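I opened my notebook to look up a few local features of one protein. Here are the sequence and the model I worked from.

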Amino acid sequence: DLDDVAQPAVPVYDAEVIVCGEVLEHLSNPGYVLARLKRQYAGVPVVITVPNAYSDVGRKHILKGVENVNIDHVNWYSPTTLRVLLTRAGYRIAELYYYGGNGPTADGLVVVTE
């Protein structure tokens, strides 16, 4: 219910870091969630992981004429689209990493915001 505007706000705790691991690609309105986190946890870095839109695995499926995507996913992220989303919510990417492979064609992205 994170992106449901009818739900109460995210509870505020004394947090040093927020981890959103494999969450954003499931949300109908990820910008709303990020902006809400930014307001409620000002100054707290957020670590985000998402599948990489440009992964080798995805490319291999596309070459076979199949878009292989998790049935629960509604978004694809590249480093650029993730940066734009985070910027719109008031964040800046402090660090960018890849997981499950090498560089831009790895399986996923990891960002640390500030």
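These entries go from the ground rules to helices, strands, loops and charged pairs.

**Ground rules.** The model is predicted, so I kept to its thresholds: local features need pLDDT of at least 70, side-chain atom pairs count only at pLDDT 80 or more, and totals for chains, interfaces and linings use all residues. Residues are numbered from 1 along each chain as its sequence is written, and side-chain values use heavy atoms, with hydrogens and water left out.

**Terms for burial and elements.** I call a residue buried under 20% relative accessible area, exposed over 50% and partly exposed in between, using a 1.4 Å probe and protein chains only. Helices (H or I, at least four residues) and strands (E, at least two) are DSSP runs, numbered from the N terminus.

**Helix α1.** I looked up which residues of α1 (residues 30-40) are buried: P30, V33, L34, R36 and L37. They lie on the same side of α1, because they cover an arc of only 160° around the axis. That arc is taken from the directions from the helix axis to the C-beta atoms. Next I asked what covers these buried residues of α1. The cover includes β1 (18-21), β2 (46-51) and α3. Contact here means heavy atoms within 4.5 Å.

**Strand β4.** Six of the six residues of β4 are buried. I then checked its two faces. On one side sit G108, V110 and V112, and on the other L109, V111 and T113; all are buried.

I also looked up the partners of β4. Two strands pair if DSSP finds at least two bridges between them. β2 and β4 run antiparallel and are joined by five bridges. V47 has V112 as its bridge partner in β4. β3 and β4 are antiparallel as well, with six bridges. There Y97 is bridged to V110 of β4.

**Two loop residues.** S78 is in the loop between α2 and α3. Is S78 buried or exposed? It counts as buried, at 6% relative accessibility. Not counting residues up to four places away in sequence, S78 touches N52, A53, Y54 and L109.

E22 lies in the loop between β1 and α1. It is partly exposed, with a relative accessible area of 30%. With neighbours within four places in sequence left aside, E22 contacts T49, V50, P51 and Y99. I also checked E22 against L85: they are 63 residues apart in sequence and 15 Å apart in space, C-alpha to C-alpha.

**Salt bridges.** I counted a salt bridge when a side-chain nitrogen of Lys or Arg is within 4 Å of a carboxyl oxygen of Asp or Glu. How many are there by this rule? The count is two.

One joins R59 and D56, with the closest N and O atoms 3.8 Å apart. The two residues are three apart in helix α2 (residues 56-63), so about one helical turn separates them. R59 is partly exposed at 45%, and D56 is partly exposed at 29%.

The other joins E114 and R92, with the closest N and O atoms 2.1 Å apart. E114 lies in the segment after β4 (108-113) and R92 in the loop between α3 (79-88) and β3 (93-99), so the pair ties together parts that are 22 residues apart in sequence. E114 is partly exposed at 47%, and R92 is partly exposed at 47%.

**A charge over a ring.** My rule was NZ of Lys or CZ of Arg within 6 Å of the ring centre and within 35 degrees of the ring normal. The charged end of K38 sits over the ring of Y91, 4.6 Å from its centre.
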